[in-house]
Amino acid sequence: MTDLVRKTKTRYTKAETQKIADSIRRQILGIALKTGGCYLAQACSSAEIIASLYTKIMNLGPSAGAWDAIPFPGVPGPDNMDYQHGSLYNGAPAPDKDRFFVSCCHYASVIYCALAATGRISPSALDKFNVDGWNMEMIGAEHSPGFENTAGSLGQTISIAAGTAHARKMKGDTGLVYCLLGDGELQEGQTWECIQTAAYYQLDNFIIIVDANGQQVEGAIEDQMIIEPLEERFCSFGAKCVTCDGHDIDSLVKACRTGHAKKPLVVICRTHGYTGVPPLKEKYPLLHFVRISPEERPVYEKIYEEMGGEGK
Amino acid sequence: MKIEVNTHERCMIEFAAKHPEVVVLSADLGSSCEVKKFRSTYPDRYFTMGIAEQNMCSWAAGLAREGYRPFIHTFSVFLYRRILDQLEMSVAYPNLPVVFVGFVPGITTPGGVSHQSINDVGVLRTVPNMTIFDIGDATEIEGVLDLAYERNGPVFIRMLRKEVPRLFPAEEPMQFNRARVLSEGEDVLLLSSSICTEEAIRATGALKEKGLSVQHMHVSTMKPFTDPTILDSLRKCRYGAVTIENHYEIGGLGSAVAEMIAENGLDRRLVKIGLPGYPHGASKMYLMKKYGIDAMHLVRAVEQLTGKDLKITEDYLLEERFVDYLEV
């Protein structure tokens with residue numbers, strides 16, 4: 001059975017990709033119900049983005065990571081550099097394969113669910129999510145399945161991904177480097193330092209995907225800081241930038257295929273943190289970490305049950 | 001004393017010739033950090049990153065992940081104070097081989113407090129996986145790149161530039177985690193680093209003339225700080241030890257020695273000489289005297305330790321002294 005599951009599927013229909021997005025939402029709603037709270041809105045906003053990246057957009061090799069969750073393999077150091085890197089779940093590095101950097105690392109549960117839904121890790125590994133002593137941490141780091149690096153301090157991963165793209169370009173690799181960002185972290189100055197540099201070095205192998213869900217910890221982005229107009233900003237810093245409907249698989253795939261000769265490509269995915277789980281809209285814009293109170297449980301449990309039929 | 005000029009400029013080019021994966025990154029200060037010639041020699045291996053150190057640091061981490069060996073060149077102060085989070089999360093945590101070549105350490109710049117890295121050793125000693133080298137002369141400039149390469153992890157170098165004295169024989173390169181013995185004795189132990197070693201050499205001469213037995217060691221590996229030869233010398237010094245450094249008096253060489261004394265339960269007094277606080281913009285010699293990181297202050301510290309009035313004045317101290325010129 002495991003051999004069948006583990007064989008990485010490479011062609012997905014739109015319906016299959018949507019099914020994976022639905023299953024991501026359902027599983028993370030399940031985690032929220034089980035634990036009382038989690039980054040549910042991020043799953044709602046990014047489910048189609050991440051499902052599309054894994055099934056239709058990125059060119060990844062089969063997972064080279066352990067099938068099951070593993071105990072935390074230790075902090076990197078002179079005596080511990082051969083630990084299992086989380087990036088192995090996106091395939092062993094190869095010149096023609098793409099790479100995936102996740103800057104918004106509190107999306108870890110979404111990544112783990114996507115890995116499970118695409119046969120890259122055991123579905124039962126999710127039982128170890130946020131369990132002390134395991135590698136399935138709530139905020140992803142070097143060793144977390146699907147992660148290249150430790151991205152918890154916002155604004156840095158885009159530069160690490162760009163440096164990687166720069167190196168791969170010099171080496172003549174044909175694979176691309178993808179980097180997923182949240183929109184709140186576009187307030188970090190380093191993001192823009194990176195875009196100007198990626199444009200200067202003409203990194204046409206670098207694709208930045210922004211889950212523009214319009215929310216950050218303290219509320220709606222527009223009530224905290226000005227980040228718009230995003231497309232104009234990225235273009236003026238020297239990138240090619242396009243906007244798409246982040247809940248529409250066709251729109252996402254088309255946007256990521258936009259030509260971007262001699263420039264990095266930025267894809268702004270307009271999304272909502274309550275897509276697929278309507279009652280969340282009542283909590284908007286305070287959706288960074290969703291808690292479900294005992295009184296709210298019946299409503300969410302009902303949605304969870306309804307999702308079960310088509311989600312799994 | 002022989003003065004060498006632009007030693008790093010030559011060494012960086014020779015070093016890069018041996019290691020094709022070595023690349024240089026600069027934040028608009030390459031020409032002030034002796035890599036202008038590197039840029040013309042290896043234009044494809046020199047990356048100008050603009051005046052944007054945070055991105056430069058994380059970008060270097062990406063290059064290192066792909067097998068390159070980035071050597072980041074800018075002023076020391078911008079490589080730890082401005083980008084500590086990037087240094088820690090992008091480079092130090094994943095233990096990547098990125099070398100931070102920090103110029104004008106401490107008060108070696110007249111550029112004022114914004115340019116003076118007075119607590120880099122103190123801050124970076126608290127960063128796991130990090131190795132710290134503090135350069136003291138031209139021979140060490142010639143040796144440090146190979147040592148940094150061999151560490152195969154994050155390394156911070158407090159580098160000296162332009163005219164630098166050759167205090168140590170060229171055929172005796174610096175060694176990792178080993179202090180250099182410049183004088184052997186048993187009364188007091190002088191531990192010096194960076195530009196203060198030249199001052200300690202001057203003081204040692206005068207102290208010996210007054211009949212003191214002086215153990216003088218130059219320290220260039222600040223982290224790790226586990227050199228058994230320093231521990232042995234602490235054990236044998238009768239009156240105690242004096243440290244002198246081109247650094248804030250908290251967190252650097254003096255603090256590292258204090259930890260070693262305490263952790264080994266040694267009954268030894270320690271006088272720490274370092275900068276008492278933020279300096280200001282002026283010449284190196286003026287600042288060394290003003291803030292007391294000079295030979296006279298070292299003599300006073302030894303008097304304090306031994307309880308002896310050594311009657312040493314400026315005249316007693318060796319006249320030869322290296323004075324470099326002003327440049328920001």
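Which hand does the crossing of α5(A) and α3(B) have, right-handed or left-handed?

Reply: The crossing of α5(A) and α3(B) is right-handed. This is a predicted model, and the values below are computed from it.

Start with the two helices themselves. Two packed helices are described by the angle between their axes and the distance between the axes. Angles under 35 degrees count as roughly parallel, and 65 to 115 as roughly perpendicular.

On the chain A side, α5(A) brings A:Ser159, A:Ile160, A:Ala162, A:Gly163, A:Thr164, A:His166, A:Ala167 and A:Met170. On the chain B side, α3(B) brings B:Asn55, B:Ser58, B:Trp59, B:Ala61, B:Gly62, B:Leu63 and B:Arg65. Sorted by class, the residues of this contact are seven nonpolar, seven polar and one charged. An α-helix has 3.6 residues a turn, so residues three or four places apart point the same way.

Helix α3 (residues 40-57) and helix α4 (residues 108-117) of chain A have axes that come within 10 Å and cross at roughly 40°. The pair α3(A) and α4(A) is therefore oblique, and α3(A) passes α4(A) in a right-handed crossing. From α3(A), the contact uses A:Gln42, A:Ala43, A:Ser46, A:Ile50 and A:Tyr54. From α4(A), the contact uses A:Val110, A:Ile111, A:Ala114 and A:Leu115. By class, the residues in the contact of α3(A) with α4(A) are seven nonpolar, two polar and no charged.

Chain B also has helices that can be described by how far they are covered. Helix α12 (295-306) of chain B has twelve residues, which should span 16 Å at 1.5 Å a residue; the end C-alpha atoms of α12(B) are 17 Å apart, which agrees. Nine of the twelve residues are buried, so α12(B) is largely enclosed by the rest of the structure. Among the buried residues of α12(B) are B:Ala295, B:Met296, B:Leu298, B:Val299 and B:Glu303. The cover over the buried residues of α12(B) includes β10, α8, β13 and β14 of chain B.

Helix α8(B) runs over residues 196-209, has 14 residues and reaches 20 Å from its first C-alpha to its last, close to the 20 Å expected. Ten of the 14 residues are buried, so α8(B) is largely enclosed too. The buried residues of α8(B) include B:Cys196, B:Glu198, B:Arg202, B:Ala206 and B:Leu207.

Some backbone details follow. Most residues other than glycine have a negative phi, and most peptide bonds are trans. Just after α8(B), B:Gly211 takes a positive phi of about 90°. Just after α12(B), B:Gly307 has a positive phi of about 75°. In the segment after α12 of chain B there is also B:Lys311. The phi of B:Lys311 is near 50°, a positive value in a residue other than glycine. With 57% relative accessibility, B:Lys311 counts as exposed.

B:Val104 is another residue other than glycine with a positive phi, near 45°. B:Val104 lies in the loop between β5 and α6 of chain B and counts as buried at 2% relative accessibility. B:Pro105 has its place in the loop between β5 and α6 of chain B. B:Pro105 is buried, with a relative accessible area of 0%. Leaving out residues up to four places away in sequence, B:Pro105 touches B:Ser76, B:Ser117, B:Arg158, B:Met159, B:Leu160 and B:Asn246.

In chain A, the bond from A:Tyr284 to A:Pro285 is cis, with omega near 5°, and A:Pro285 sits in the loop between β8 and β9. In chain B, the bond from B:Lys223 to B:Pro224 is cis, with omega near 0°, and B:Pro224 is found in the loop between β12 and α9.

Notes
Residues are numbered from 1 along each chain as its sequence is written. Chains are lettered from A and ligands numbered from 1 in the order in which they are written. This is a predicted model: local features need pLDDT of at least 70, side-chain atom pairs count only at pLDDT 80 or more; totals for chains, interfaces and linings use all residues. Side-chain values use heavy atoms; hydrogens and water are left out. Helices (H or I, at least four residues) and strands (E, at least two) are DSSP runs, numbered from the N terminus. The expected span of a helix is 1.5 Å times one less than its number of residues. Buried means under 20% relative accessible area, exposed over 50%, partly exposed in between (1.4 Å probe, protein chains only). Axes are lines fitted to C-alpha atoms, for helices over the stretch in contact, and angles run from 0 to 180 degrees between N-to-C directions. Angles under 35 degrees count as roughly parallel, over 145 as roughly antiparallel, 65 to 115 as roughly perpendicular and the rest as oblique. A crossing is left-handed if the near helix is turned anticlockwise from the far one by less than a right angle, and right-handed if clockwise. Contact means heavy atoms within 4.5 Å. Ala, Val, Leu, Ile, Met, Phe, Trp, Tyr, Cys and Pro count as nonpolar, Asp, Glu, Lys and Arg as charged, and the others, Gly among them, as polar.
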